[in-house]
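Have the sequence and the model at hand while reading.

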Amino acid sequence: DVHSRLYNPCLAYYFKNELSRFPHLISKSFLSLAEEGKKLSPEDYALALKEQSSLSIEFDNLLRDRQLDVVITYSSCGSAPPGFEPAKHKDLNALWTLLRLPVITVPKFLCPSNRPYGFVTVGRRYSDYKILRILKELVSCELAPPITKIVGFPECA
C-alpha cells in the first residue's frame, strides 16, 4: 500500500507527456497505475513518505539487531510471466525499493516452461559493496552464475 501511494503518483507525474500524447502505446496496467496515482492527494503522498521512513528505519534496525549482513530470498512469486502484461505477477523487489535497500537480482533458475526466475541479495542501507562481496562468494561456491562485469565496482567483479 505504501509503495503504491508513492510509486503511482510518480508514474503519473514523470510520464504525464507520454500518457497524454501516446496512451494507445502504453500498457493497460501502466495506465491503470498512473490513473490511481492522479487520485492521491498531496497530504496522502506526504503521509506515505513518513510511513516509508518509519518502515525503512524499522527494517534496518531488525537487520542490525539480528546481525544480518544480507537477506537472500526469491526475486518474485514465480517465473517471468509470458508476454508483456504481468497480469497477476507480483514483483517482490518493490519491497526492497520501498525500504531504500540495495538489492541485486540473480537469474539463477528456470521454471518447467523454461522461463527465468531467481533470487535477490538484499543488504542493509548503504551496504552495496558488502552485498557485492557476498555475491562474489556465492559465485565462487557455484550458488550464483558467474559475474562477468559489474560496472563501477571493478574490485568486486
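Predicted model: local features only at pLDDT ≥ 70, side-chain atom pairs only at ≥ 80, totals over all residues.

The protein has 157 residues, and 29% of them count as buried. Six helices and three strands make up its secondary structure. Read along the sequence, they follow the pattern α-α-α-α-β-α-β-β-α. Among contacts between residues at least 6 apart in sequence, 59% join residues at least 24 apart.

H4 covers residues 42–65. Its 24 residues reach 35 Å from the first C-alpha to the last, close to the 34 Å expected at 1.5 Å a residue. Gln67 follows H4 and has a positive phi, near 55°.

Which residues of H4 are buried? They are Ala48, Gln52, Ser56, Phe59, Asp60 and Leu63. An α-helix has 3.6 residues a turn, so residues three or four places apart point the same way.

Two packed helices are described by the angle between their axes and the distance between the axes. H1, residues 2–14, packs with H4 at an angle of about 130°, and their axes are 9 Å apart. Angles over 145 degrees would count as roughly antiparallel and 65 to 115 as roughly perpendicular, so this angle makes H1 oblique to H4. The crossing of the two helices is left-handed. On the H1 side, the contact is made by Val2, Arg5, Leu6, Pro9 and Cys10. H4 contributes Asp44, Tyr45, Leu47, Ala48, Leu49, Glu51, Gln52 and Leu55. By class, the contact of H1 with H4 has nine nonpolar residues, one polar residue and three charged residues.

H1 also packs with helix H3, residues 28–39. How far apart are the axes of H1 and H3? They lie 7 Å apart, and the angle is about 100°. That angle makes H1 roughly perpendicular to H3. From H1, the contact involves Tyr7, Asn8, Pro9, Leu11 and Ala12. From H3, the residues are Phe30, Leu33, Ala34, Glu36, Gly37 and Lys38. Seven residues of the contact of H1 with H3 are nonpolar, two are polar and two are charged.

Pro9 of H1 is one of the residues in the contact with H4, and Pro9 is also listed in the contact with H3.

Notes
Residues numbered from 1 in each chain as written. Heavy atoms only, no water. Axes fitted to C-alpha atoms, helices over the stretch in contact; angles between N-to-C directions. Helix = DSSP H or I, 4+ residues; strand = E, 2+ residues; numbered from the N terminus. Parallel < 35°, antiparallel > 145°, perpendicular 65-115°, else oblique. Left-handed = near helix turned anticlockwise from the far one by under 90°. Contact = heavy atoms within 4.5 Å. Nonpolar A, V, L, I, M, F, W, Y, C, P; charged D, E, K, R; others polar. Expected span 1.5 Å × (residues − 1). Buried < 20%, exposed > 50% of the residue type's maximum accessible area, 1.4 Å probe, protein only.
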